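Here is a short tour of a two-chain model, written for someone who likes to see the numbers next to the picture. Have the viewer open as you read along.

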Amino acid sequence: MIKNPLKQEEWSPYVAGAGLGLVVIFSLLLTHRVPGSSGAVENLAAFLAQPLFPDNVYFKFQMPAVISWQVWLLLGVFLGAMVSAMLAGVWKFDRNPDAQWKAVFGTQTWKRWVVTFFAGVVVEFAAGIAGGCTSGLAISGSVQLVPAAFLFIPAMFVGGIPTALLMYGKRY
Amino acid sequence: MTIGEVLITIVLGFVFGWTLDKAGLTKYHKIVNVYRFTDLAVLKYMMSAIIVGMAGVWTLKGLGLVELTGTISTYVPGVLLGGVLFGVGMAAAGFCPGTVAAGAGRGNLDYLIPGFAGFLVGAIAFGLSYQSFMPQLTQVANLGNLSLPELLNLSPGLTVVVVILLFALVLYVIERTHAARPDKVTGEGPTNPSDAATPNAASKFSKQGTD
């Protein structure tokens, strides 16, 4: 018997990935843009930064405080994952949801939150330097055969492998 | 943007977020495990998306139906430095800017509150320091906004076919050679159905890891 796919928590990553491939195609066709996420965070951050640092050139001209195309896209991402998890019956508020994290680093919420905060700072700062993130640079860039994408993907692993090794030690 | 464009964009994002959740990428362990080579779902998802997207986009471009955005420039040392730092943060957090939004939608409060706050602080820190190093960094070895076929003077169609075949070959090798290894933490083997024949190897590893 085939289970209703809407009720399954996970699909094959190939099927899910192909779905994102279609999103990239229709995005370019219908909106003349390709998906990206880190820019939306910069737009939202500008709402905080502009009043705090009114003379800053970057938030005045390069990344102004606007509800941009990327912000709408990211709102859709939020809603899509929410509905996916709700229909699968797995949606729930959880301060520290991952079993593997808890098995390795313990169940204390503060520890997980401290790491996610500082890692979040690093991720978004790094996306700024590189000019994009996993979606906007690695995936949308590769689709358009942009050389930067093919440099960015291996570089992610050069940073990620030793970090995971350090954090996991013998359990790597 | 018109209301119609906003709605289309939200629907596109909705499908994007849906696929992230269905691929399991709204979970910390799925992201970190690609850097531990115990679960390659991230790589499978990304490469599948790139193959499908590339085939469609370049076909439509050949038919004159779309223009590439041409907005991503390649400044070699900057992209590499950013990529390495990005990998450090992504492996530690278990998310990136797209998956933090998706994971927050799923109800992960560690994504929604400290994760998102960290991203806002990172974006503000980048904006404040932008003038002090980015104009210089983006000058070094900047190849401009050209795509690979333009840069190397190759046929776009042939380049697309070769890159798709290379990516498909990598995925084939991943599936065939069980490139993912058993996980010392969870005791789970690679998520390849053909690995079901070796459950003992996986459980042996799990006992060492649960200290």
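The accessible surface of chain A comes to about 7400 Å², and carbon and sulfur atoms hold 72% of it. As this is a predicted model, please take every value here as computed from predicted coordinates. For chain B, the accessible surface is about 8800 Å², with 69% on carbon and sulfur atoms. The table sets the two chains side by side.

| Property | Chain A | Chain B |
|---|---|---|
| Accessible surface | chain A: about 7400 Å² | chain B: about 8800 Å² |
| Share of surface on carbon and sulfur | chain A: 72% | chain B: 69% |
| Buried residues | chain A: 53% of 172 residues | chain B: 54% of 211 residues |

Chain A has eight helices and zero strands, and its elements read α-α-α-α-α-α-α-α from the N terminus. The C-alpha trace of chain A spans about 55 × 40 × 35 Å along its principal axes. Chain B, in turn, has nine helices and zero strands.

**Where the chains meet**

Which area do the two chains bury between them? Chain B and chain A bury about 10600 Å², and 76% of that lies on carbon and sulfur atoms. In residues, the contact draws 126 from chain B and 122 from chain A.

Polar interactions also cross the boundary. There are 38 residue pairs in polar contact between chain B and chain A, counting pairs with both residues at pLDDT 80 or more. Eight helices of chain B, H1 (3–22), H2 (28–36), H3 (41–62), H4 (76–93), H5 (97–106), H6 (109–137), H7 (148–152) and H8 (156–176), each supply at least two residues to the side that touches chain A. Of these, H6(B) gives the most, with 26 residues. Sorted by class, that side of chain B has 78 nonpolar, 34 polar and 14 charged residues.

**An enclosed helix in chain A**

Why is helix H7 of chain A (residues 134–143) described as largely enclosed by the rest of the structure? The reason is that 10 of its 10 residues are buried. Among them are A:Thr134, A:Leu137, A:Ile139 and A:Val143. The packing partners come from both chains: the buried residues of H7(A) pack against H1 (13–31), H6 (109–130) and H8 (147–168) of chain A, together with H1, H3 and H4 of chain B.

A:Gln144 sits in the loop between H7 and H8 of chain A. Is A:Gln144 buried or exposed? With a relative accessible area of 3%, A:Gln144 falls under the 20% cut-off and therefore counts as buried. Leaving aside neighbours within four places in sequence, A:Gln144 is in contact with A:Val34 and with B:Trp58, B:Leu68, B:Thr69, B:Gly70, B:Ile72 and B:Ser147. Also following H7(A) is A:Leu145, which has a positive phi, near 55 degrees.

Definitions and conventions:
Residues are numbered from 1 along each chain as its sequence is written. Chains are lettered from A and ligands numbered from 1 in the order in which they are written. This is a predicted model: local features need pLDDT of at least 70, side-chain atom pairs count only at pLDDT 80 or more; totals for chains, interfaces and linings use all residues. Side-chain values use heavy atoms; hydrogens and water are left out. Helices (H or I, at least four residues) and strands (E, at least two) are DSSP runs, numbered from the N terminus. Buried means under 20% relative accessible area, exposed over 50%, partly exposed in between (1.4 Å probe, protein chains only). Accessible areas come from the Shrake-Rupley method with a 1.4 Å probe; for residues, only the protein chains shown count as cover. Contact means heavy atoms within 4.5 Å. Buried area is the accessible area (1.4 Å probe) that two parts lose on being put together, summed over both. A polar contact is a pair of N or O atoms within 3.5 Å; within protein, one must be able to donate a hydrogen and the other to accept it, and residues adjacent in sequence count only if both atoms are side-chain atoms. Ala, Val, Leu, Ile, Met, Phe, Trp, Tyr, Cys and Pro count as nonpolar, Asp, Glu, Lys and Arg as charged, and the others, Gly among them, as polar.
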